[in-house]
Amino acid sequence: MGVRGVRAAGPLTTRVLSLDSLVRLKRTQRVPEATSGRIPLPDGMTVPLGCDAVVVPSHYGPLLLPRLPRVGCVYADRADWWWIVPCDSDVALEWPAPVRYVPGALVPDAPDTPELIHRPQDDVPYTPPIPLYLALCRVTGTTPAWSRPLSA
């Protein structure tokens, strides 16, 4: 049994979109807030997976550092710490409140621009997102989404 459709001059083609394709399509439709640009990474950093940011209120920052196996580039302004993570680190993750996930690591127009406070020894700027997520769940008292009971 096949899919029926309107035939043009050529053969009928059916395009199947994967979940990854749909997520990427949704991301391209996002309209960014007014921004002054992306967080500038230090010279010599390589970003093979692109960059997003996880923005955490500053009082959580010192609590997170000892809980992480690797810390990438971290930036800070008066209110927040900005953790650089690979693009799409929000797929299938519900980051706990009051954390914000910022695709593209875009900095809003504001008087305070985040400044680099931690740079890793190597040339990769990423903090691994799963350990960061788990550490954030721990310090905010949030149960990770996959550990919550299911309702019928």
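Colleague: Which backbone oxygen does the side chain of Y75 reach, and how should I read such a pair?

Modeller: A polar contact is a pair of N or O atoms within 3.5 Å; within protein, one must be able to donate a hydrogen and the other to accept it, and residues adjacent in sequence count only if both atoms are side-chain atoms. Here the Y75 side chain reaches the backbone oxygen of P40 at 2.7 Å. This is a predicted model, where local features need pLDDT of at least 70, side-chain atom pairs count only at pLDDT 80 or more, and totals for chains, interfaces and linings use all residues. Residues are numbered from 1 along each chain as its sequence is written, and side-chain values use heavy atoms, with hydrogens and water left out.

Colleague: Is Y75 buried or exposed?

Modeller: Buried means under 20% relative accessible area, exposed over 50%, partly exposed in between (1.4 Å probe, protein chains only). Y75 is buried, at 2%.

Colleague: What does Y75 touch?

Modeller: Contact means heavy atoms within 4.5 Å. Not counting residues up to four places away in sequence, Y75 touches residues including I39, P40, W82 and L116. The C-alpha atoms of Y75 and L116 are 4.3 Å apart, although 41 residues separate them along the chain.

Colleague: Which strands does β2 pair with?

Modeller: Strands are DSSP runs (E, at least two residues), numbered from the N terminus; two of them pair if DSSP finds at least two bridges between them. β2 (residues 52-57) pairs with β4 (residues 80-85) in the antiparallel sense over 6 bridges, with V55 opposite W82. β2 also pairs with β5 (residues 100-102), antiparallel, over 3 bridges; there A53 has V102 as its bridge partner.

How values were computed
Helix = DSSP H or I, 4+ residues; strand = E, 2+ residues; numbered from the N terminus.
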